[in-house]
Amino acid sequence: MLIKLSKASDCKESEVTPESIYLSRRSLMGATAAAMAVSALPRWAAAADPSRYEGVDPGKAPSWFADKLAKTQWQAINVQGEAITPFKDATHYNNFYEFGTDKGDPAANAGTLKTEPWSVVIDGEVGKPGRYALEDFMKPYQLEERIYRLRCVEAWSMVIPWLGFPISALLKQVEPTSKAKYIRFETLKDPATMPGQRSSFALIDWPYVEGLRLDEAMNPLAIMGVGMYGRELPNQNGAPLRLVVPWKYGFKSVKSIVRITLVSEQPETTWENIAPSEYGFYANVNPEVDHPRWTQARERRLPSGLFSPNVRETMMFNGYADEVASLYAGMDLRKNY
Ligand SMILES: Nc1nc2c(c(=O)[nH]1)N[C@H]1C(S)=C(S)[C@@H](COP(=O)(O)O)O[C@H]1N2
Ligand SMILES: [Mo]
């Protein structure tokens with residue numbers, strides 16, 4: 001994420017590199033990656049084939065995940081006429097500051113994240129609070145494949161085939177009380193396995209926290225993700241459990257969740273806390289409301305390089321206006337960015 005820095009000593013290379021230089025570093029990759037995009041198209045014919053995409057590291061799924069995969073509803077939601085981003089790009093160009101601030105850091109460093117055993121705490125305004133082992137937490141849910149655009153606030157985007165289940169199904173299980181108005185998600189805090197949390201230069205007050213209004217969380221598009229490209233989530237993408245809200249900027253989609261809390265007040269969230277004039281609670285993708293320091297009207301669809309520029313117009317609510325615009329009826333989206 002890009003922030004306005006107050007002290008020069010806080011500067012990170014990725015935040016001060018002009019985009020032109022940054023793009024040329026990637027240009028070598030661009031050509032090969034563009035060629036790969038074609039081969040990344042799904043092989044739908046093989047209905048029970050766990051390897052539905054080209055070039056996917058098969059991973060080593062825990063047994064609860066393998067069991068769910070067999071009953072997955074494939075392509076429950078798709079993106080028409082847009083190529084799926086190659087697995088290699090989706091897993092090697094990441095934001096996961098717990099593992100470093102460069103785009104390649106999560107792929108290089110997230111191997112230390114220990115995802116088994118994993119437990120999730122449910123607390124706050126719920127009828128059924130508790131701490132659940134992930135395999136128990138997952139029992140009620142059937143997996144669906146959701147092929148969604150992902151639009152980062154930094155103006156790049158991808159198309160990713162997620163595996164997950166609607167948050168509405170989770171809310172049904174935990175039974176929110178009448179006081180519950182928001183849902184708050186917390187990432188693991190474990191400096192021993194997350195080098196970014198040991199860094200004295202980190203801007204983030206760990207753990208990383210995100211949240212949604214309850215009606216946003218109830219929207220059928222909002223899912224808890226546990227997999228992508230027909231396999232479990234790679235660590236760098238937020239294993240074993242993350243949020244996916246495709247009409248919002250990527251920073252809302254918090255990774256490696258250990259705690260889900262129903263609350264009555266709007267929760268304090270990580271990027272809004274760091275730079276409230278640049279990153280808001282809503283963070284809806286909106287081509288008409290620019291970031292203070294760059295336009296949000298366009299995006300680079302990855303893979304994209306100097307010799308294969310792949311620039312697209314950004315769509316209102318990232319192309320999901322029909323499904324979500326009514327959530328914000330009557331709201332000033334310039335004020336509630
Ligand atoms: N815990 C945590 N979650 C996070 C982040 C992070 O740094 N830490 N980065 C966010 C940002 S800015 C984006 S764009 C997406 C990127 O998800 P991806 O790497 O799976 O594409 O994760 C989001 N979730
Ligand atoms: Mo992002």
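**Entry 1: the second largest pocket**

I began with the second largest pocket of this predicted model, which holds about 580 Å³ of space. Of the 27 residues that line this pocket, I noted Lys60, Thr115, Glu232, Leu233 and Asn235 as the closest to its centre. For the terms, I worked on a 1 Å grid over the protein atoms alone, where a pocket is an open set of points with protein on both sides within 12 Å along at least five of seven lines, a cavity is a set of points where a 1.4 Å probe fits but cannot get out, and lining residues have an atom within 4 Å of a point. Grid points are joined across faces, edges and corners, and a volume is the space filled by probe spheres set on the points.

Helix H3 (63–69), helix H4 (87–92), helix H6 (134–137) and strand E9 (231–232) each supply at least two residues of the lining of this pocket, and the largest share, three residues, comes from H4. Here helices (H or I, at least four residues) and strands (E, at least two) are DSSP runs numbered from the N terminus. By class I found 13 nonpolar, eight polar and six charged residues in the lining of the second largest pocket, counting Ala, Val, Leu, Ile, Met, Phe, Trp, Tyr, Cys and Pro as nonpolar, Asp, Glu, Lys and Arg as charged, and the others, Gly among them, as polar.

**Entry 2: conventions**

I kept to residue numbers that run from 1 along each chain as its sequence is written, with chains lettered from A and ligands numbered from 1 in the order in which they are written. As the model is predicted, local features need pLDDT of at least 70 and side-chain atom pairs count only at pLDDT 80 or more, while totals for chains, interfaces and linings use all residues; side-chain values use heavy atoms, with hydrogens and water left out.

**Entry 3: the cavities and ligand 1**

The largest cavity has a volume of about 320 Å³, and its space is the one taken by ligand 1, where a molecule sits in a cavity if more than half of its atoms lie within 2 Å of the grid points. Its lining has 24 residues, of which Asn95, Phe96, Gly250, Ser253 and Lys255 lie nearest the centre, and strand E5 (residues 156–166) gives the most, with four residues. I recorded 15 nonpolar, six polar and three charged residues in this lining.

Around ligand 1 itself I listed 18 residues, with Asn94, Tyr97, Glu98, Arg242 and Lys255 coming nearest; a residue is near if one of its heavy atoms lies within 4 Å. This shell has nine nonpolar, six polar and three charged residues.

For polar contacts (pairs of N or O atoms within 3.5 Å), I noted a polar side-chain atom of Glu98 at 2.8 Å from a nitrogen atom of ligand 1. A backbone N or O atom of Ser253 lies 2.9 Å from a nitrogen atom of the ligand, and one of Asn95 lies 3.2 Å from a nitrogen atom of the ligand. The protein covers 99% of the 540 Å² of accessible area that ligand 1 has on its own, by the Shrake-Rupley method with a 1.4 Å probe.

The second largest cavity holds about 40 Å³ of space, and its lining includes Tyr148, Trp162, Arg242 and Ser253. Strand E4 (144–151) and strand E10 (242–244) each supply at least two residues of that lining.

**Entry 4: backbone**

Last, I checked the backbone and found a cis peptide bond between Ala239 and Pro240, with omega about -5°, Pro240 being in the loop between E9 and E10.

Note on methods. Polar contact = N/O pair within 3.5 Å; in protein donor to acceptor, adjacent residues only side chain to side chain.
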